[in-house]
Amino acid sequence: MTTVLEPLDLARGQGRQEEVLLWIGGAACASAAGDVRDDVSPSTGEVLARVHVAGRADIDRAVAVAKEAQPAWARLSLVERARRITELARRIAVRADDFGLLDARDGGTAYRSMKAGAEKGASFLQLIAGVAPELHGRTIPATPDGLHFTQPEPWGIVGAICAYNHPTLFTCMKMAPALAAGNAVILKPAVQTPLSPLAVAALTEDLFPPGILNVVPGGAETGEAIVSHPDILRISFTGSLPTGLRVQSAAAASGRFKSVTLELGGKNPIVIYPDVAPEIAAAAVIKGTNFARVGGQSCGATSRLLLHESLHDAVLERVSADTAAIRLGLPDDPETEMGCMVSHEHRDRVMRLIDAAAADGARLLAGGGPPQGQPELDAGAYVAPTIFDGVEPSNRIFRQEVFGPVLGVTTWTDERDALRLANDTEYGLTASVWCNDIDRALNAARSIDAGYIWVNDVEVRYPGVPFGGWKQSGVGLELGLVDDILSHTRSKSINVGLTARPL
């Protein structure tokens with residue numbers, strides 16, 4: 001069996017195919033049923049490790065230790081909790097290279113992107129720690145002779161369920177505000193990328209009281225056990241729309257009222273107006289696709305290009321050339337810009353949607369299958385960056401989230417049609433508008449039904465700016481710093497009757 005820091009050893013190719021344990025009560029432990037699954041590197045198909053899978057008994061055990069530890073954690077001062085979160089940020093930051101390698105091998109995304117994600121995760125922990133002392137209630141002058149005030153109090157235990165595309169970053173984003181608010185956390189990594197969350201947990205062994213952070217790998221049954229548990233009343237989930245609906249349903253079926261945040265998918269438009277220079281538009285389109293960052297596996301990626309007809313040829317010529325220049329390779333190679341899909345199963349799903357786009361009549365401009373001329377990638381879950389032109393609103397590629405390296409292009413001539421097309425989706429997560437006329441750009445931003453909109457910018461999330469979706473892209477907000485911490489608390493109102501005494 002592995003030691004508690006074995007997940008980080010795997011980043012350097014050590015200890016492969018050994019067992020990696022759960023993290024419950026401040027220590028590595030086997031699953032109660034002894035269930036394990038192979039954790040497979042999608043770039044090579046080799047088994048990285050055999051990971052223990054948490055069952056319902058393990059979730060019960062995690063809840064029990066979390067309930068015991070949480071009151072003392074909440075009684076610590078905000079400054080002390082912030083100090084410990086800051087120290088965890090430091091420990092992750094100095095190991096960002098290892099976390100980058102681990103996530104690259106585990107999830108298939110390029111090392112340079114995953115290292116940057118680990119660094120961002122450490123930075124987010126620091127930011128949350130820095131603003132934590134701003135968590136406070138307020139005093140209300142409701143009566144002249146009374147004292148009336150509110151105070152935020154933790155929920156107790158937060159169930160956090162992560163997506164696979166940014167394993168280290170999302171672990172930090174999920175746990176930081178919950179811990180700062182005084183909660184214990186039970187975190188389920190994505191089934192495809194369990195290693196770095198376990199490595200993060202191992203770094204807290206001497207930092208957090210046993211039971212404050214628990215990491216329980218597993219699939220849908222593990223997630224359902226967390227969401228339905230009667231003692232976990234705050235749920236934070238990032239993932240797909242179908243799974244988000246199941247989370248909401250399971251929370252309701254638990255018989256307990258729960259606070260649920262859902263950060264779900266998107267089919268996000270990037271709208272290019274005719275006054276934008278073609279080279280600027282093309283650079284924005286490439287950046288928005290997130291091809292080179294995470295292979296298009298990004299909920300915020302702008303995968304629908306709504307391009308003014310007058311710019312069609314000039315922009316697409318540049319976009320096609322820039323796409324062809326993206327360096328595909330093994331994800332742990334520092335020169336690689338784009339790795340593979342998170343699994344062979346997901347690769348096959350992406351390919352089915354590419355085939356559907358062709359069947360629906362869209363014209364293939366680039367990609368459309370595995371990369372050519374790179375035999376070292378043949379065993380991996382690779383899909384070449386793909387561009388379809390002439391995409392119609394009735395096409396499946398226009399409506400379904402691919403979560404892969406696929407861009408669909410639709411042209412427009414009338415601004416009203418462009419905005420109608422932008423809103424012609426069940427999703428409403430992000431959108432990007434490019435226009436040199438700021439009045440038109442702001443009018444477009446106000447007209448688009450999405451929760452996070454860029455004007456002359458794309459695919460950047462700014463700390464302190466709340467991020468969340470409209471429509472079927474979810475409920476609730478993240479990244480709001482103090483507001484993020486507050487969302488992991490309940491407000492208590494206290495009213496004190498004071499008797500006036502004569503002077």
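Predicted model: local features only at pLDDT ≥ 70, side-chain atom pairs only at ≥ 80, totals over all residues.

Next I checked how β4 pairs with β5 (residues 47-52). The two run in the antiparallel sense, and I noted five bridges. Which residue in β5 is the bridge partner of Asp 38? I found Arg 50.

Entry on the largest pocket. I noted a space of about 1100 Å³. The lining has 40 residues, and those closest to the centre are Tyr 164, Gln 192, Ser 240, Thr 243 and Arg 246. I then asked which elements supply at least two lining residues each. My list reads α8 (220-228), β10 (234-238), α9 (241-253) and α13 (344-359). The largest share is from α9, with six residues. By class, I recorded 20 nonpolar, 12 polar and eight charged residues in this lining.

Entry on the second largest pocket. Its volume is about 370 Å³. Here 18 residues form the lining, and I put down Lys 120, Leu 169, Met 173, Arg 461 and Leu 479 as the closest to the centre. Both α5 (111-131) and α6 (167-180) supply at least two lining residues. Which helix gives the most to this lining? I found that α5 does, with four residues. The classes came out as 10 nonpolar, four polar and four charged.

Note on methods:
Residues numbered from 1 in each chain as written. Heavy atoms only, no water. Pairing = 2+ DSSP bridges. 1 Å grid on protein atoms, 1.4 Å probe; cavity = no way out; pocket = protein on both sides within 12 Å on 5 of 7 lines; lining within 4 Å. Points joined across faces, edges and corners; volume = space filled by probe spheres on them. Nonpolar A, V, L, I, M, F, W, Y, C, P; charged D, E, K, R; others polar.
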